[in-house]
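Have it open while you read.

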Amino acid sequence: MSMSPALRRVAVQPNVLFGGVYGAVLASSMVAALTQYGETAREERLHDARWLLITAVASALAHAYAHLIARRGDAARRGVPGALRALAGEWPLVVATLPTLVILLGAGWGWWRSAGIEYVAFGFNIALLFAWGLSTARARGRTWRAALAIGCADALLGVVVVVAGALIK
């Protein structure tokens, strides 16, 4: 079974890959940083969700700004339309944080237990990293076996990055 051409094009776009991976790592790192003191009250989860959304949007703005500066000489990137295109190109980063946002909001609204929800969010984001690795490897024509190995390696690398970030904080 192979990917459709449309899905293959989306799966290998650099901004989609970058944003998806960065957003998943950002969401995990934020949850780890925000819950390091053991606060598990529902109100705290709503607070965490707000900070995650603010951080995701701020990161997208920072990346768009950096791309805008880096491509300043590119005629297609000039003026307000270029700035808007640069900002619109960061949608994958924000979208990749939405599952964690929903997990935190659900805990804050009482849909599920608030205690330990950070482990669920972390597991979901590691699964996302695995899926990004697997799907991009398949889109590039790798065998299922190679794609599974790449997905596992990407997930493991994500765990290392998130744990290192949590330890630094």
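In which hand does helix 6 pass helix 7? The crossing is right-handed. Bear in mind that this is a predicted model.

1. Start with that pair. Helix 6 covers residues 117-139 and helix 7 covers residues 144-168. Their axes come within 7 Å and cross at roughly 140°.

2. Who does the touching there? On the helix 6 side, the contact residues include Phe122, Ile126, Leu129, Phe130 and Gly133. Helix 7 answers with a list that includes Trp144, Ala147, Leu148, Gly151 and Gly158. Sorted by class, the residues of this contact come out as 14 nonpolar, three polar and two charged.

3. Now look at helix 2 (residues 14-34), which packs against helix 3 at an angle of about 140°, the axes being 10 Å apart. Helix 2 passes helix 3 in a right-handed crossing. From helix 2, the contact uses Phe18, Tyr22, Leu26, Ala27, Met30 and Leu34; from helix 3, it takes in Asp48, Trp51, Leu52, Thr55, Ala56, Ser59 and His63. The class count for this contact is nine nonpolar, three polar and one charged.

4. The patch is formed by Leu53, Val57, Leu61 and Leu87, and together they have about 300 Å² of accessible area. Leu87 sits in helix 4, residues 79-88.

Definitions and conventions:
Residues are numbered from 1 along each chain as its sequence is written. This is a predicted model: local features need pLDDT of at least 70, side-chain atom pairs count only at pLDDT 80 or more; totals for chains, interfaces and linings use all residues. Side-chain values use heavy atoms; hydrogens and water are left out. Axes are lines fitted to C-alpha atoms, for helices over the stretch in contact, and angles run from 0 to 180 degrees between N-to-C directions. Helices (H or I, at least four residues) and strands (E, at least two) are DSSP runs, numbered from the N terminus. A crossing is left-handed if the near helix is turned anticlockwise from the far one by less than a right angle, and right-handed if clockwise. Contact means heavy atoms within 4.5 Å. Ala, Val, Leu, Ile, Met, Phe, Trp, Tyr, Cys and Pro count as nonpolar, Asp, Glu, Lys and Arg as charged, and the others, Gly among them, as polar. Patches are made of residues with over 30% relative accessible area and no salt bridge: like charges are joined within 9 Å, nonpolar side chains (Val, Leu, Ile, Met, Phe, Trp, Tyr) within 5 Å. Accessible areas come from the Shrake-Rupley method with a 1.4 Å probe; for residues, only the protein chains shown count as cover. A salt bridge is a side-chain nitrogen of Lys or Arg within 4 Å of a carboxyl oxygen of Asp or Glu.
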